[in-house]
Amino acid sequence: MDFKKYVRDIDNFPKQGVGFKDITPLLKDPEAFKAASEALLQFIGNQKIDKVVGMESRGFFYGPVLALELGAGFVPVRKVGKLPHTKISHTYDLEYGTDTLEIHADAISEGDRVIVHDDVLATGGTAKATCKLIEALGGDVIQCNFLLELTALHGASKLVGYKVKSLMRF
């Protein structure tokens, strides 16, 4: 299936000068949504996976679907102040400033085999910070899966040492 035809470009969103890849056409089409889920699952193959970690907020679209199909738990990684229980955090650099992500401290157990999932791999900072959180809790990042990758931003270069798979590249 040509998944790219289900992704539309939105200019100047969320701010002036940014080109946004909108995946909502893919999400609203049941056939495309299912086919993308199946393709993301094929990236994982028969590997035993304990947890799928999805990043706020668009990693929450496919992350739970993957977890359900894999017989794994789903773990959300969120921005500061959004998780209610004991958590750990990781602060990372952005182009202009910093950001912080959090995960519940009991979300990953020592030796858990983890898939990291997000909708877009852009600069790679969020994915790398998420991998660091998982590893701090004793998890093993098996793979990082993305619906799409913005290759001009070289995000995969921040994920050296991790297996990276993207369904679409722009």
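**A buried threonine and its surroundings**

Tutor: Not counting residues up to four places away in sequence, threonine 100 touches Arg78, Lys79, Val80, Ser89, His90, Thr91 and Tyr92, where contact means heavy atoms within 4.5 Å. The model is predicted: local features need pLDDT of at least 70 and side-chain atom pairs pLDDT 80 or more, while totals for chains, interfaces and linings use all residues. Residues are numbered from 1 along each chain as its sequence is written, and side-chain values use heavy atoms, with hydrogens and water left out.

Threonine 100 lies in strand E6 (residues 97-104); helices (H or I, at least four residues) and strands (E, at least two) are DSSP runs numbered from the N terminus. Threonine 100 counts as buried because its relative accessibility is 16%; buried means under 20% relative accessible area, exposed over 50% and partly exposed in between, with a 1.4 Å probe and protein chains only. Its side chain makes a polar contact of 2.8 Å with the side chain of threonine 91. Such a contact is a pair of N or O atoms within 3.5 Å; within protein, one must be able to donate a hydrogen and the other to accept it, and residues adjacent in sequence count only if both atoms are side-chain atoms.

Among the helices, H3 (residues 59-70) has 12 residues and reaches 16 Å from its first C-alpha to its last, close to the expected 16 Å, which is 1.5 Å times one less than the number of residues. The buried residues of H3 are Gly59, Tyr62, Gly63, Leu66 and Ala67. They fall within an arc of 140° down the helix axis, so they line one face; the arc is that of the directions from the axis to the C-beta atoms. Exposed Leu68 and Glu69 sit on the face turned away from that buried side. Cover for the buried residues of H3 comes from elements including helix H2 (30-44), strand E4 (73-79) and strand E7 (113-121).

Serine 37, in helix H2, is buried because its relative accessibility is 7%. Leaving aside neighbours within four places in sequence, serine 37 is in contact with Tyr62, Val65 and Leu66.

The largest nonpolar core has 26 residues, and those touching the most other members are Phe3, Leu26, Ala36, Ile49, Leu147, Leu148 and Leu167. A nonpolar core is a set of buried Ala, Val, Leu, Ile, Met, Phe, Trp, Tyr and Cys residues joined through side-chain atoms within 4.5 Å. H2, H3, E7, E8 and strand E9 (164-169) each give two or more residues to this core, and H2 gives the most, with 7. Another core, of 23 residues, lies apart from it, with Val53, Tyr92, Ile108 and Val141 among its members.

The whole structure has 0 disulfides, a disulfide being a pair of cysteine sulfur atoms within 2.5 Å. The sulfur of cysteine 144 is 3.7 Å from the closest cysteine sulfur, in cysteine 131, too far for a bond. Cysteine 131 is buried at 0% relative accessibility, and cysteine 144 is also buried at 0%.

Two backbone details remain. The peptide bond from phenylalanine 13 to proline 14 is cis, with omega near 5°, and proline 14 is in the loop between strand E1 (8-11) and strand E2 (19-22). A cis bond also joins glutamate 56 and serine 57, with omega about -10°; serine 57 is in the loop between E3 and H3.
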